[in-house]
Amino acid sequence: MAKNKTRPPILDDYIPIVGEDTIDELRLLASRLKGKRIQHINSTRVGGGVAEMLTRVIPLMRELGVDIGWDVIEGSPEFYNVTKKFHNALHGRADVIVDRDFDIYLETAKKYNKNTKITGDIVFVHDPQPIALIQNKRRMKDTKWIWRCHVDVSSPNERVWDFLATFVEGYNASIFSSPKFTRPLKTPQFLICPAIDPLSDKNKPLSQQKINSVLSKYGINKNKPIVSQVSRYDYLKDPAGVVEAFKMVKKYVDAQLVLIGNSAADDPEGAKVLKEVRQKAKGLADVHLLLIPPEHNDIEVNALQRASSVIIQKSLKEGFALTVTEALWKEKPVVASAVGGIPLQIKSKYSGLLCHCIEGAALMMRQFLHNPEFSKRLAHNGKMHIQRNFLITRLMREHMLLALSLFNKGDIISL
Amino acid sequence: MVNKKKKNPFYFRTHIELRESTGLKARNARELVNILKDVSGSVIYYHTHVFLQQHQFLSPEPPNAFAYWVKHFLGEDILAERLSSIDIYQFSTIRALREKLIEVIEGHLFSAKEIRNSPPGKEFDFTKSQSFVLPTSYTAYNLVEMVEALKKVTIRSIDFHIFNVRLRLEKGINDFSNWIDTSLGYPELASKIETFDPYTYTLEGLRQNIISIIKNSPEWKREHGKK
């Protein structure tokens with residue numbers, strides 16, 4: 001662990017977690033990329049999973065000696081309203097998309113194509129917002145272009161997907177988090193899962209004192225088992241279903257339910273969902289519906305996850321579900337819906353329990369709460385699975401492998 | 001002479017895989033077998049070894065991914081057991097392994113009364129992998145150095161020298177046995193390592209077992225002058 005709290009983690013800090021060989025492998029891969037510049041481009045420098053990931057990855061890659069940069073495109077609020085609609089449409093939500101939306105998108109694309117300087121030999125473009133940057137490919141023939149899709153596009157609004165696919169197929173390759181998220185495309189589709197940083201505020205070890213102080217702040221009893229779900233108040237995360245399941249648990253176990261969400265003040269739908277959940281939980285003892293301010297979010301979520309006896313993720317639809325990754329990393333027994341990227345993280349009865357309905361979720365929570373040894377075994381397996389497959393060092397490794405694969409053909413490549 | 005250095009050292013290497021979707025999906029055993037006939041060898045290798053690599057800590061009996069899918073998403077327990085009990089170590093080429101997989105599934109289909117489909121969204125996704133082979137800093141000139149290195153290398157290195165070279169690179173023998181026989185001149189010890197079934201161990205268990213076989217061998221005792 002870093003001794004100086006203010007110093008960002010360096011590669012050596014990861015050795016006790018992933019082993020020296022893993023770091024040596026990263027150094028070797030980085031050496032093979034000498035002379036190549038990597039550029040990441042997305043739509044925001046703060047907020048959201050992509051920015052969070054790049055904030056951690058870029059300095060570590062630089063420490064490895066990789067020539068790497070990160071740029072963001074600029075767009076108007078109108079543009080981001082459209083891309084939000086696109087995002088929902090790609091998830092299969094039935095938002096109304098009109099011709100004007102496509103016009104707004106293309107007008108902004110024209111501007112960011114003009115204003116964004118392409119400096120990489122290998123350019124990673126994240127998500128739909130900057131996807132039209134591929135129009136630069138015609139004048140930059142030696143540049144390799146990769147589109148990183150962080151969204152589950154397995155059952156998208158076809159009109160939006162068809163519009164985006166014209167750009168996607170211009171890329172040399174695309175990346176999806178799961179084979180379930182892929183689409184029929186003419187270009188290669190690589191499979192790279194997201195990852196968590198074990199040394200970030202959200203995941204680093206915390207003292208019991210810190211954990212207790214967070215419990216105390218939110219009036220949570222530290223001596224009573226805690227079942228928690230971390231997610232924004234969103235219908236797709238099914239917080240009402242979690243309350244229903246908890247009612248069934250509460251009949252047999254004197255536990256507490258903690259729903260941990262971000263501040264929903266600027267999200268009309270979030271506020272509506274929270275109101276409905278409050279209504280559902282009315283009269284039910286030991287239910288805590290939290291809204292954590294963004295400035296305290298990471299450490300407090302970390303503390304609440306660490307204080308939990310069981311962590312649930314009863315989503316109806318998911319992307320990769322990094323909240324599950326975080327819970328497993330903290331060696332917690334996890335009950336989660338078999339949707340999105342969750343089955344990649346949990347093999348039921350080995351590294352957690354997968355549920356398909358409210359009643360099943362309730363039963364599994366009781367199984368964990370009643371069987372500490374069973375919980376401990378699955379939680380340990382879950383942590384090992386995350387350590388092996390879903391930490392930031394693996395993500396860095398695969399990004400470098402992908403960059404190398406664009407210059408090396410064949411099933412087996414000696415480096 | 002103890003720990004005499006040989007001319008040809010064992011260079012430990014490791015490998016890392018990059019996964020790529022083929023875009024091919026099977027909903028039932030018939031589609032599974034039809035696709036299996038055409039996919040590249042790297043797809044067969046990936047799906048028969050992915051459990052070893054990703055879930056090695058879970059179980060000493062990691063089934064191949066075909067068996068897992070047939071059991072959990074088609075509910076075909078008998079076919080699943082037949083697939084998982086294919087003795088992969090008996091195959092020295094992916095072509096031969098592919099033929100065996102096809103034979104088992106077609107045998108099942110021949111007598112099947114119904115073809116079961118997986119639920120929507122639970123289709124079998126065919127994935128291929130590109131393998132990047134890297135050097136490591138570990139080298140061994142004798143059994144003592146080999147054991148020391150075996151304790152330290154990553155399990156991906158063990159995976160490479162036992163499984164990858166034997167089947168994917170089609171050398172027909174694992175690297176450790178090959179080197180112990182040809183460079184150290186210990187054919188009996190080489191044979192002991194070559195003939196145990198590595199597919200019924202976790203990769204960590206495999207590491208321990210190879211070390212144990214070496215340390216309990218007369219050749220090890222001779223090198224130490226303990227016999």
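Which residue is the bridge partner of Ser414(A) in S2(B)? I looked this up before anything else, keeping in mind that the model is predicted. The partner of Ser414(A) in S2(B) is Val133(B). I then checked the strands themselves: strand S13 of chain A, residues 412-414, pairs with S2(B) over three bridges, and the sense is parallel.

**Entry: chain B against chain A**

I turned to the contact between the chains. I found 21 residues of chain B in contact with 30 residues of chain A. On the chain B side, I listed the elements that give two or more residues: strand S1 (10-26), helix H2 (41-54) and strand S2 (124-140). Of these I noted S2(B), which gives the most to the side touching chain A, with eight residues. I also sorted that side of chain B by class and got seven nonpolar, 11 polar and three charged residues.

**Entry: the domains of chain B**

I looked up the domain assignment of chain B next. Domain 1 is made of 10-14 + 135-224, and domain 2 is 17-127. I read off the distance between the C-alpha centres of domain 1 and domain 2 of chain B, which is 28 Å. For the contact between them, I have 17 residues of domain 1 of chain B against 14 residues of domain 2 of chain B.

Which helices each supply at least two residues of the side of domain 1 of chain B that touches domain 2 of chain B? I found helix H7 (155-168) and helix H10 (203-215) of chain B. H7(B) accounts for the largest share of that side, six residues. By class, the side of domain 1 of chain B that touches domain 2 of chain B holds seven nonpolar, four polar and six charged residues.

**Entry: two helices of chain A**

My last item was a helix pair in chain A. Helix H3 (residues 49-63) and helix H15 (residues 392-405) of chain A have axes that come within 11 Å and cross at roughly 65°. I count angles of 65 to 115 degrees as roughly perpendicular, and H3(A) and H15(A) are therefore roughly perpendicular to each other. I recorded the crossing of H3(A) past H15(A) as right-handed.

Which residues make this contact of H3(A) and H15(A)? From H3(A) I noted Arg56(A), Val57(A), Leu60(A) and Met61(A), and from H15(A) I noted Ile392(A), Leu395(A) and Met396(A). I sorted the residues of the contact of H3(A) with H15(A) by class: six are nonpolar, none is polar and one is charged.

Notes: Residues numbered from 1 in each chain as written. Chains lettered and ligands numbered in written order. Predicted model: local features only at pLDDT ≥ 70, side-chain atom pairs only at ≥ 80, totals over all residues. Domains from an automatic or database assignment. Contact = placed C-beta atoms within 7 Å. Helix = DSSP H or I, 4+ residues; strand = E, 2+ residues; numbered from the N terminus. Nonpolar A, V, L, I, M, F, W, Y, C, P; charged D, E, K, R; others polar. Pairing = 2+ DSSP bridges. Axes fitted to C-alpha atoms, helices over the stretch in contact; angles between N-to-C directions. Parallel < 35°, antiparallel > 145°, perpendicular 65-115°, else oblique. Left-handed = near helix turned anticlockwise from the far one by under 90°.
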